[in-house]
Amino acid sequence: MSCHVTTSQSSRTSGGPDLAKAMERVKTLNQFPPYGSISRDCGDACPTCRGSGRIPRGQGQLVAVIPCNDTRLKPRHTKLHVCVSMAVCLFLSCLILFFLFPRSVTLTPVSVLSVVVVFSPGALEMQVTNLIHVTNDNFVPVWIVQFDVQGLVSDVVMGKTKTLNMTAIPSRSQRSYTFSIDLPITDKGLNSYCQSSSIRIHTLFLEMQMTMNISYLSHSEQLSLNTFEYIDCGSNSTIPHPIRRFR
């Protein structure tokens, strides 16, 4: 009997410190709320330790549980940063649209520079040289792909000319171009009129139809212009005079 009591006291004495440590650890863990909740009455188990309070040795990752009311989860000046970012993006978009928005390219007639007349039996050859201005209001260069001109007298086409790959027009600038067109006149009435010695000034009204194909910013455009000019078909002339434009 005495031997049994002695054995019980010895086991209770040896297990006392371990039991006390275990009880203290359980009390410490019970003071913390479950994972994902603020109160102790509700919440989900931690997905890492699965509610055991220990991370298995095979997982080499660290887990930090931050309360929902932690100030680190609420960055300061968030609205200010978002508004500033939106304002900067809007400003850059407007700036790009301002510089890349297509603007007008204007074709303007200036004057007739010269008229060269060559007489031959039964025919009349004229070469008319004109000056035009091309204005580019864009912020990018403009390339002239093709320039077509045809001359008409009394609604009859007398001559045509075509020019390819002319000099490009720089941004926000104006360029001057000269072109010549040959006008052979075979009509007997016009030949008699231009070669008549009784008429001092042989005025001939010439209509010029101009078409210019341009390209810029991957965009193609066609400019059209009709002009009305008068020339002297009875003699050579090197005195420039203005051109009237059809409205």
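The protein chain has three helices and nine strands. This is a predicted model. Along the sequence, the elements run α-α-β-β-β-β-β-α-β-β-β-β.

**Whole chain**
- Of the 247 residues in the protein chain, 26% count as buried.
- The accessible surface of the protein chain is about 17400 Å².
- Carbon and sulfur atoms hold 59% of that surface.
- Take the contacts between residues at least 6 apart in sequence: 62% of them join residues at least 24 apart.

**His202, a loop residue**
- His202 sits in the loop between α3 (188-195) and β6 (203-216).
- His202 has a relative accessibility of 6%. Buried means under 20%, so His202 counts as buried.

- Arg172 is a residue other than glycine, and its phi is positive, near 55°.
- Arg172 lies in the loop between β4 (156-164) and β5 (173-185).
- Ser218 is not a glycine either, and its phi is positive at about 55°.
- Ser218 belongs to the loop between β6 and β7 (219-232).
- The relative accessible area of Ser218 is 83%. Exposed means over 50%, so Ser218 counts as exposed.

Definitions and conventions: Residues are numbered from 1 along each chain as its sequence is written. This is a predicted model: local features need pLDDT of at least 70, side-chain atom pairs count only at pLDDT 80 or more; totals for chains, interfaces and linings use all residues. Side-chain values use heavy atoms; hydrogens and water are left out. Helices (H or I, at least four residues) and strands (E, at least two) are DSSP runs, numbered from the N terminus. Buried means under 20% relative accessible area, exposed over 50%, partly exposed in between (1.4 Å probe, protein chains only). Contact means heavy atoms within 4.5 Å. Accessible areas come from the Shrake-Rupley method with a 1.4 Å probe; for residues, only the protein chains shown count as cover.
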